[in-house]
Amino acid sequence: SGLERAGFPWAEIAADGSSVIGKHDGTGGEVSIGTVTSQLLYEIDSPAYLGPDVTARFDTIRLEQVERDRVRIHSVTGERPPETLKVAANSHGGFRSEVQVALIGLDIDAKASLVSEAFWRACPYESDDFDKVVAQVLPTAKDDPASNEEAVSMWKLSLFDSDESKLGRPLLNAINELALATIPGMFSPGGSGKPRAFGVYHPATVPAAAVPQHVTFLSGETTTVESPHSFPVVEIVDVATSGESREFGETVLGVLGEVVGARSGDKGGNANVGVFTRSQAAFEWLDWFLTVEKFQELLPETADLRVDRYRLANILSLNFVIHGILSEGVAASWRQDPQAKSLGEWLRARYVDIPVELLGETR
């Protein structure tokens, strides 16, 4: 596959707005409908993709594999650009520290409860003295562990405050007090408690007219880019409508990733998960099966959050936007994966009932 050193992709853009995505011959990886679809779904919101000069309708995109490592993108329709432009502002959010305690083997919940109680008794501050406190139990240990590492779960405490002096050493001292007098097998594998500054992401908008676009050529000549004043009306099937159910016959329990690909990432405090298939039949099943409710059932961390679902049927894809899962942005998130890169692969690893006819495409 050559993925240990993938080739760098390029785009040949035609005058009609279509393009061919490719890579240099003899380099690793591949350019296919699947890989191009994956990139189109990366960190997007609704199918109306906002730009300063046009709103590109991703639900009109069509893809064609014209030859090996060459994919043509065509038939894309645009609408008027938004009257405002996005501004990404960041402010100093304060300081944060993390402390971790390993929970080994049996009785993970009981050990986590004891560690929590002992930590707050040893800490010179109360939980309410901090701006924000997030405690997590990460039950990663395996049953009947065959190695020491497979026996480890984790208690993780993330603390946020504007006062740097309340973090760091006071937390380390509290953890050190637990080492010889709480749970058996206690050790701290990471999270030094050392405070570090973090930023808070604030998306905002400004009038588009306040931000003129200029192009400067190598000759030194500069020109102002004027957006077109008229756009055709784009007729789009309601993207909020789910697919119609049909009989798919016998099913078997398997991982969702056997029949779908996925790509995920951060959008400020939100995250998106794009899910796509190889065939029309698989998309018809996915469109019926993967409702917002099913998505939240498979990814329980999203159950109490707003999730928007969008259809991009031309590229056999669904896109889910999860609001607020990353808190106030990457720098302020307490998640192990603060950029949500792994949500798609988590979804693909879940077991579901899959129609046998679809498994024939992949087995």
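This text walks through the structure from its overall dimensions to single residues. The model is predicted.

Start with the whole chain. The protein has 363 residues, and 41% of them are buried. Its secondary structure comprises 7 helices and 19 strands. Along the principal axes, the C-alpha atoms fill a box of roughly 70 × 60 × 45 Å. The accessible surface comes to about 20000 Å². Carbon and sulfur atoms account for 51% of that surface. Contacts reach across the sequence: among those between residues at least 6 apart, 71% join residues at least 24 apart.

An open sheet of 4 strands runs in the order β1-β2-β6-β5, with antiparallel pairing. Its edge strands are β1 and β5 (62-67), and each of these pairs on one side only. On average, neighbouring strands in this sheet are turned by 25° against each other, direction ignored.

Follow the pairing from β1 onward. Strand β1 covers residues 9-13 and pairs with β2 over 5 bridges, in the antiparallel sense. At one of these positions, Ile 13 has Ser 19 of β2 as its bridge partner. Trp 10 stands opposite Gly 22 in β2. The two strands form a hairpin, with 5 residues between them. In the turn, Gly 17 has a positive phi of about 95°.

On to the next pair. Strand β6 spans residues 70-74 and is joined to β2 by 4 bridges, again antiparallel. Gly 22 finds its bridge partner in β6 at Arg 70.

How many residues of β2 are buried? Strand β2 (residues 19-23) has 5 of its 5 residues buried. The burial involves both faces of the strand. Ser 19, Ile 21 and Lys 23 lie on one side, and Val 20 and Gly 22 on the other. Helix α1 (residues 33-40) lies across β2, β5 and β6. Its direction makes an angle of about 145° with β5.

A further sheet is built from 3 strands. It is open, its order is β3-β4-β7, and its pairing is antiparallel. Strands β3 (48-50) and β7 (77-79) each have a single partner strand, so one side of each is left without a neighbour in the sheet. The twist from one strand to the next averages 30°. Strand β4 (residues 55-57) is joined to β7 by 3 bridges. Within that pairing, Thr 55 has Glu 79 as its bridge partner.

Strand β8 comes next, and two of its residues deserve a look. Leu 85 lies in this strand. Its relative accessibility is 15%, so Leu 85 counts as buried. What does Leu 85 touch, not counting residues up to four places away in sequence? The residues are Pro 52, Ala 204, Thr 205, Val 206, Ala 208 and Val 211. Ala 208 is 123 residues from Leu 85 in sequence, yet the C-alpha atoms are 5.3 Å apart in space.

Ser 97 is also found in β8, which spans residues 84-104. Buried or exposed? Ser 97 has a relative accessible area of 0%, so this residue is buried. Leaving aside neighbours within four places in sequence, Ser 97 is in contact with several residues, including Leu 157, Ser 158 and Leu 159. Leu 167, Gly 168 and Leu 171 are also among them. Gly 193, Lys 194 and Pro 195 are in contact with Ser 97 too.

Val 215, Phe 217 and Val 225 make a nonpolar patch of about 220 Å². Phe 217 is in the loop between β12 (213-216) and β13 (222-225). With 44% relative accessibility, Phe 217 counts as partly exposed.

The last stop is helix α4, residues 280-289. Its buried residues are Ala 282, Phe 283, Trp 285, Leu 286, Asp 287 and Phe 289. What covers them? The cover includes the strands β16 (270-276), β17 (307-312), β18 (317-322) and β19 (351-355). Helices α5 (292-298) and α7 (356-359) contribute as well.

Note on methods
Residues are numbered from 1 along each chain as its sequence is written. This is a predicted model: local features need pLDDT of at least 70, side-chain atom pairs count only at pLDDT 80 or more; totals for chains, interfaces and linings use all residues. Side-chain values use heavy atoms; hydrogens and water are left out. Two strands pair if DSSP finds at least two bridges between them. Axes are lines fitted to C-alpha atoms, for helices over the stretch in contact, and angles run from 0 to 180 degrees between N-to-C directions. Buried means under 20% relative accessible area, exposed over 50%, partly exposed in between (1.4 Å probe, protein chains only). Contact means heavy atoms within 4.5 Å. Patches are made of residues with over 30% relative accessible area and no salt bridge: like charges are joined within 9 Å, nonpolar side chains (Val, Leu, Ile, Met, Phe, Trp, Tyr) within 5 Å. Accessible areas come from the Shrake-Rupley method with a 1.4 Å probe; for residues, only the protein chains shown count as cover. A salt bridge is a side-chain nitrogen of Lys or Arg within 4 Å of a carboxyl oxygen of Asp or Glu.
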